[in-house]
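Colleague: I am new to this one. Please walk me through the model.

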Amino acid sequence: MTAAGPASSPATEAEHTDDAHRLMLSGRYLRLLLLSVLLGAPIAVACFFFVGLQHWLQHEVWTSLPAALGYEQAPWWWPLPALALAGLILAPIVSRFPGRGGHLPVDGLGGAPIGPRVLPGVVVAALATLPLGVVLGPEAPLMAVGSALALLALRRFRGASDPRTATLVATVGSTAAISTILGGPLVAALLVVEAAGLAGVRLAVLLLPCLAASAAGAVVFAALGTWTGLPTGGLALPAVPPAAPPDAGDFLWGVPLAALIACAVALTRRFGRRVGRWTCDRRTARRTGICAVAVGVCLSAYALITGRSPGEAALSGQETLGELAAQPGAWPVTALLALVVCKGLAWSISLGSLRGGPIFPALLLGAAAALACAALPGLGTAPALALGICAASTAITGLPLCSAVLTVLLLGADAHEQMPLVAITAVVAHLAATCVNGRARQSGEP
């Protein structure tokens, strides 16, 4: 988002509004809405098989293969060869493939829309490395798949050469793709709305095609999951702690804890930017491999410190977040703290060197940090889980409204009672992260 320019005159604003109204009622825009609905279905199919293949490979690497070798769970050293292999696979992609396998995750979910020429590198980088334990999520590669497929389809329609149309269609494709794993069209649409910073009729011009494509994609994605019986990999919490309305103690502890989590996430991202500058400076392939091995060391350290499976600290954290929310009492505080430190360091290195999405690991880290403090007098388990997820999401995305809605959807039936705490958490976390990021810019960091 950029700073607002000089205030427009009422006449200018009225002209813009009239232009937007005429655009929404034009035949060209209505054809775009139809194209958005038609795009949602094939993009959802592509995302379904992308996510399904990723989860199957992940299960084979971290569950089936250790069991075949006689281990009840992946041994402590398992991440070392797995991440070394990920580095070997990714090194030539980031140095030779068009698009370098996608943008660095430390730069967020966005980046310029990618074309079909860049798509193979993004898909190979994601499917070949994320299942090996890279501490990143699938959301950024999915958005790349959606935008590339949308731009590919646009080539068959008139107006494909118009940059504004291409940008809008790419955004529609990305939104349809990300909605498949972020709880449906609502969160994805809010993400677009808040990130775009638009208002009024101009907002509707962008929002309507995104909603249409996301809704169509969500229907197809859910239908494929029911028909095939395969896991769809969506971000969800199968169970959450018993409902407990937040009281004064939850707010007294929650406000500073939300600020602390947001600052920690923002500082971790700053470290990731330094890693990114180091890997992209020179000898990118070699340094990418070194970073992948360093991630493996962090994951093995977690297993050695806690005696638990390194898989809990590896990967995006979707499954571990579900286990943590369902049985928070089964996790000792020492294990939660070790998870925050070891996975947090692995995540920061991954942000600046590997390929994937930044959001999912942040949600687990925020939840683990908050639940480690749930034993504090007056802080409940359910409020801690809510504020941890919301604070981390707000800090990594910079989108407080979208993060609050995502947290509410994840909590399900318990969300109503946690809404006041979630709302104040989003505000506090956004201010804290903005403060950290502002100081970074003042010191000359990008």
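This is a predicted model: local features need pLDDT of at least 70, side-chain atom pairs count only at pLDDT 80 or more; totals for chains, interfaces and linings use all residues.

Colleague: How many helices and strands does the chain have?
Modeller: Helices (H or I, at least four residues) and strands (E, at least two) are DSSP runs, numbered from the N terminus. By that count the chain has 16 helices and 0 strands.

Colleague: What share of the residues of the chain count as buried?
Modeller: Buried means under 20% relative accessible area, exposed means over 50%, and partly exposed lies in between (1.4 Å probe, protein chains only). The chain has 446 residues, and the share of them that count as buried is 53%.

Colleague: Among contacts between residues at least 6 apart in sequence, what share join residues at least 24 apart?
Modeller: Contact means heavy atoms within 4.5 Å. For contacts in the chain between residues at least 6 apart, the share joining residues at least 24 apart is 80%.

Colleague: How are H2 and H5 oriented to each other?
Modeller: Axes are lines fitted to C-alpha atoms, for helices over the stretch in contact, and angles run from 0 to 180 degrees between N-to-C directions. H2 (residues 27-68) and H5 (residues 139-154) pack at about 140°, with axes 10 Å apart. Angles under 35 degrees count as roughly parallel, over 145 as roughly antiparallel, 65 to 115 as roughly perpendicular, and the rest as oblique. H2 and H5 are therefore oblique.

Colleague: Which residue classes make up the contact of H2 with H5?
Modeller: From H2 come residues including Leu35, Ile43 and Phe50, which meet H5 residues including Pro141, Val145 and Leu149. Ala, Val, Leu, Ile, Met, Phe, Trp, Tyr, Cys and Pro count as nonpolar, Asp, Glu, Lys and Arg as charged, and the others, Gly among them, as polar. The contact of H2 with H5 has 14 nonpolar, 1 polar and no charged residues.

Colleague: What is the handedness of the crossing of H2 and H6?
Modeller: H2 and H6 (residues 163-179) pack at about 40°, with axes 9 Å apart. That makes H2 oblique to H6. A crossing is left-handed if the near helix is turned anticlockwise from the far one by less than a right angle, and right-handed if clockwise. The crossing of H2 and H6 is right-handed.

Colleague: Which helices do the buried residues of H4 pack against?
Modeller: H4 spans residues 119-129, and its buried residues include Leu119, Val122 and Leu127. The buried residues of H4 pack against H2, H3 (79-96) and H5.

Colleague: Which residue classes are found where H9 meets H14?
Modeller: The axes of H9 (residues 248-281) and H14 (residues 381-397) come within 8 Å and cross at roughly 35°. Asp250 and Arg269 of H9 are among the residues in the contact, as are Pro383 and Ile396 of H14. By class, the contact of H9 with H14 has 11 nonpolar, 2 polar and 2 charged residues.

Colleague: How many aromatic pairs does the structure hold?
Modeller: Rings of Phe, Tyr and Trp (its six-membered ring) pair if their centres lie within 6.5 Å; planes under 30 degrees apart count as stacked, over 60 as edge-to-face and the rest as tilted. Ring pairs also link Phe48, Phe49 and Phe221 into a cluster. The structure holds 4 aromatic pairs.

Colleague: Trp77 and Trp78 form an aromatic pair, but of what kind?
Modeller: Start with Tyr71 and Trp77, an edge-to-face pair at 6.0 Å centre to centre and 80° between the planes. Trp77 is partly exposed, at 32% relative accessibility, whereas Trp78 is buried, at 7%. Trp77 and Trp78 are 5.5 Å centre to centre with 45° between the planes, and their pair is tilted.

Colleague: Is Leu315 buried or exposed?
Modeller: Leu315 lies in the loop between H10 (284-306) and H11 (318-326). Its phi is near 65°, a positive value in a residue other than glycine. Most residues other than glycine have a negative phi. At 8% relative accessibility, Leu315 counts as buried.

Note on methods
Residues are numbered from 1 along each chain as its sequence is written. Side-chain values use heavy atoms; hydrogens and water are left out.
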